[in-house]
Structure formats: structure tokens, C-alpha cells
Amino acid sequence: MFVAGRFIQEKLNSVLKKLKRFIRRIAECAELVFCKLFFGKSGRKCAGKIILIQNSHLGDFVLSLPFFERLKNECKLPLVLVSDHRIRELADASGIFDEFIGIDFKRASSYKHLICRWKTLIKLRKLSAEKAIQCFGVGKTGLEDCMLAVIKAPEKYVFVDNFYNVQRSGTFYEALRVKFFNKALPYRLELSLAANENNFATFITGNEKTVDIGDLEMFEPLPPPDADFRRYCLIIPGADDPRRRWEAGKFAWLASQVVAEQQLDLLISGSPAEQEIVKKVYDLLPEEVQKKAQIRAANGDKLASIKQLMSDIKHADLLLTNDTGPMHIAAKYGTRTLCITGGWHWGIFAPCKEYKSVKFVNKEMSCYNCGSFCKYQTTPFKCLQELSAEKVYEVQSDL
């Protein structure tokens with residue numbers, strides 16, 4: 001009886017999930033059509049500038065810096081970045097953008113906050129540009145497409161045939177994108193995001209250029225390294241999405257083995273929202289390792305905090321981290337890095353073929369490229385959580 005009841009419940013959940021996805025896809029198509037037909041009518045004189053739309057976190061932004069720089073240098077037009085309000089300080093400090101428009105993407109991307117969503121679209125409807133460009137985005141609800149539709153611009157550039165867009169929103173929605181946006185470049189899943197964005201920049205500017213991971217000199221000067229920490233291993237166990245955090249106990253065990261073998265000190269770092277897992281990693285370290293370890297105190301000043309993070313990564317002998325922003329920073333500094341990752345966006349952000357100093361450790365599964373829609377409810381991102389510390393330790397010896 002219990003088994004039969006569980007089977008019926010699982011079937012019911014599956015049907016409800018499919019129904020919710022169908023309703024969301026209908027809503028996304030209807031909203032995009034409405035924005036294009038009623039909000040997207042041109043008629044206002046378009047300003048001589050480029051508007052970029054990117055739903056960024058730290059890693060996405062850092063990874064896209066070469067793309068932004070190419071547009072700035074080769075198009076010779078002012079750049080306006082429309083992005084998540086949390087990266088304002090970083091965008092301003094880069095000196096690349098002439099204007100930054102901050103959006104609460106977390107709220108506006110959800111249909112649960114429909115008023116916020118439409119306030120955002122109405123606000124952006126006032127913008128005009130010579131070119132409007134949508135950067136790569138995943139896990140979206142069509143918000144970025146609606147933004148691109150309402151902005152007044154004769155040239156609207158977008159990636160199409162993106163595996164994750166089709167996976168989430170369906171083939172009909174993707175066909176609308178191809179029809180509505182007049183400058184479309186197919187996204188090549190066999191390439192990393194860096195390589196795709198380089199091709200995108202070539203498509204926009206008409207100038208050929210090789211892939212370059214760029215640098216972070218634009219954010220200097222950085223805080224100097226700690227005088228009493230000459231050689232150290234840096235651990236960053238957090239991630240913006242808690243599901244992407246490898247277990248604290250595994251980080252602690254791996255760190256204790258590495259610092260003993262390589263005679264390193266240990267520094268553990270994280271954002272204010274990640275202090276719980278940072279403290280947990282420290283508490284699980286053996287007593288003799290704790291004597292050589294310290295926690296980087298969280299800083300409420302965003303830009304100061306990011307610059308301290310960059311300094312810590314730049315001067316580290318080794319970085320142990322999840323698939324998150326600091327990994328992309330480390331790649332640009334050439335810091336030896338062990339990235340512990342799963343397969344939610346496999347091949348897009350990790351592994352990134354241009355990153356020569358980063359070793360990616362993963363457990364391959366048949367459900368790779370799930371787009372973060374993990375089918376394992378009891379163990380979200382099973383591909384990450386079932387990756388053993390012993391396997392990661394074996395791989396790190398090759399760095």
C-alpha cells in the first residue's frame with residue numbers, strides 16, 4: 001500500500017511539474033510577443049551608444065570582461081550596462097562603462113514579483129541606443145529577451161539556438177527570438193562562454209580577434225598580501241547558489257592533506273552570506289592545521305571586499321574552490337586552482353578551455369547539462385555532492 005501510494009504521488013508530482021512548465025512557457029511566449037508588438041515600436045531617435053544586458057554575478061562579469069573591452073575599443077561608442085544591482089561597484093571600478101543601470105534581477109526574473117518585473121520593463125522602455133546586445137544568460141524566465149524587445153535600437157544582437165534557452169523555454173519560444181531579433185548568432189555549445197563571446201564580438205564589430213582571457217589590472221591597486229602569510233592555500237567554500245557548495249567536511253579534509261603535503265598556511269574566505277560555511281570548514285580542521293589557518297574577516301564595503309578577494313587570490317600558492325566567481329579571477333591571475341564542480345552548465349563556465357592554471361574536478365553523470373534543473377530532489381546536484389574528497393586529493397597532485 002505504501003509503495004503504491006508513493007508511486008501515485010511521484011506520478012502526480014511529475015504531471016504537476018509538466019503542467020507548470022507548460023503554463024510558464026505559454027506565459028513567456030505571450031509576454032515576449034506583447035513586448036515586441038506594443039512596447040518595442042521604434043520611432044524615437046536612437047542615441048549613439050551601445051546598451052548591454054547581462055544578468056551577472058561576479059564570475060559571469062569577470063569572464064565577460066574581454067568581450068566588454070573589445071566592444072569598448074572597437075565600436076568606439078559609449079557603453080551602458082544593464083545588470084544586477086549587486087555588481088554596480090565592480091562595474092563602475094572597471095572604467096569600461098559610461099553608465100550602469102542596476103536591476104534587481106532576482107526579483108524581476110520571477111513571475112512571483114510581476115509588479116517589479118513590469119516596472120523594470122517600463123523603465124527600460126525609455127532607453128534608446130544604436131545597438132542593444134543581450135549577453136549570454138541561463139536559468140531565465142524571458143526577462144532579458146523582454147528587455148531587449150522594449151529598448152529602442154535599430155540593431156538588436158542576441159545569441160540563439162542556445163541549448164539552455166531551448167531546454168527551459170521550448171523550441172517555439174526560441175523561434176520567436178530568432179524572428180524578433182534582427183542580429184542573431186547561433187550559440188555553439190561545444191565552445192566555452194569565453195570563446196562564444198569572442199565570436200559574438202567579432203560578429204558585432206566585424207573585426208577578427210583571437211580569444212583572450214584578459215586581465216584584472218583595471219581594479220588595481222589591491223591590498224598588499226599579509227606579511228605573515230608567505231605561502232598559503234586559499235579555500236573559498238561558498239557559492240551564490242547554496243546547492244553548488246561542496247560539503248564543508250570534504251573541504252576541511254582536503255585542505256588538511258594539501259597544507260601538510262605542500263607545507264602551506266591556510267586562509268579561508270567568503271562573502272558575508274557565506275560566513276556559516278567558512279566557520280564550519282575551520283571548525284572541522286584538525287587542531288594542528290587550525291594553528292596555521294585563519295579566516296578572512298568579511299567586509300561590508302563591496303568594492304573593498306572584492307579587491308581584498310582579488311589580492312588573496314593573486315598571492316595564493318593554491319586555490320581550492322567551487323565553480324564560482326573566484327575561480328574566474330584566479331584564472332586571470334594564473335593562480336594554481338582546483339575547481340570542484342558538477343555538470344549543471346558543463347562546458348559553458350566549467351571547464352573553460354582557456355583557463356590553463358585551473359584543474360576541474362567532476363563526477364560525470366548521464367544527466368549533465370541539466371541547466372540547474374536537478375532531477376534528484378533528495379540530493380540536489382548529486383553530481384557534486386557524491387564527488388569524494390579522496391578523488392579530488394588524487395587529482396590535485398597533478399597541479
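This is a predicted model: local features need pLDDT of at least 70, side-chain atom pairs count only at pLDDT 80 or more; totals for chains, interfaces and linings use all residues.

Aromatic pairs came first, and I needed a rule: rings of Phe, Tyr and Trp (its six-membered ring) pair if their centres lie within 6.5 Å, and planes over 60 degrees apart make the pair edge-to-face. By that rule I get 18 aromatic pairs.

**Entry 1: one ring pair**

I picked Tyr157 and Phe203. Their ring centres are 5.9 Å apart and the planes sit at 85°, so this pair is edge-to-face. The two residues are 46 apart in the chain, with Tyr157 in strand E5 (residues 155-160) and Phe203 in helix H10 (residues 193-205), so I see the pair linking distant parts of the chain. Is Tyr157 buried or exposed? Tyr157 is buried, with a relative accessible area of 4%, while Phe203 is partly exposed at 33%.

I also found an aromatic cluster that includes Phe61, Phe97, Tyr187 and Phe349. Elsewhere, the charged end of Arg21 sits over the ring of Phe373, 5.8 Å from the ring centre.

**Entry 2: the sheet**

In what order do the 6 strands of the open sheet come? I read off E3-E2-E1-E4-E5-E6, with parallel pairing. Strand E3 (99-103) and strand E6 (183-186) are the edges, each pairing on one side only. From one strand to the next the twist averages 15°. As a reminder, strands of a sheet pair through backbone hydrogen bonds.

Zooming in, strand E2 (residues 79-84) and E3 share 5 bridges in the parallel sense. Asp84 has Ile103 in E3 as its bridge partner.

**Entry 3: helices on the sheet**

Helix H7 (residues 143-150) packs on the sheet and touches E1, E2, E3, E4 and E5. The direction of H7 makes about 160° with that of E5. How many of the 8 residues of H7 are buried? I count 8 of the 8, so H7 is largely enclosed by the rest of the structure.

For helix H9 (residues 171-180), I listed the buried residues: Tyr173, Glu174, Leu176, Arg177 and Phe180. Seen down the axis of H9, these fall within an arc of 150°, so they line one face of the helix. The face turned away from the buried side carries the exposed residues Thr171, Phe172 and Lys179.

**Entry 4: a covered strand**

In strand E7 (residues 232-236), 5 of the 5 residues are buried, so the rest of the structure largely encloses it. Tyr232, Leu234 and Ile236 are on one side, with Cys233 and Ile235 on the other. E7 runs parallel to strand E8 (residues 265-268), joined by 4 bridges, and Cys233 stands opposite Leu266.

Most residues other than glycine have a negative phi, and most peptide bonds are trans. I looked for exceptions. Glu220 and Pro221 are joined by a cis peptide bond, omega about 10°, and Pro221 is in the loop between H10 and E7. Ala350 and Pro351 have a cis bond too, with omega about -5°.

Gln263 is not a glycine, yet has a positive phi of about 55°; Gln263 is exposed, at 57% relative accessible area. Asn369 has a positive phi of about 65°, but Asn369 is buried, at 18%.

How values were computed:
Residues are numbered from 1 along each chain as its sequence is written. Side-chain values use heavy atoms; hydrogens and water are left out. Rings of Phe, Tyr and Trp (its six-membered ring) pair if their centres lie within 6.5 Å; planes under 30 degrees apart count as stacked, over 60 as edge-to-face and the rest as tilted. Buried means under 20% relative accessible area, exposed over 50%, partly exposed in between (1.4 Å probe, protein chains only). A charge sits over a ring if NZ of Lys or CZ of Arg is within 6 Å of the ring centre and within 35 degrees of the ring normal. Two strands pair if DSSP finds at least two bridges between them. Axes are lines fitted to C-alpha atoms, for helices over the stretch in contact, and angles run from 0 to 180 degrees between N-to-C directions. Contact means heavy atoms within 4.5 Å. The arc is that of the directions from the helix axis to the C-beta atoms.
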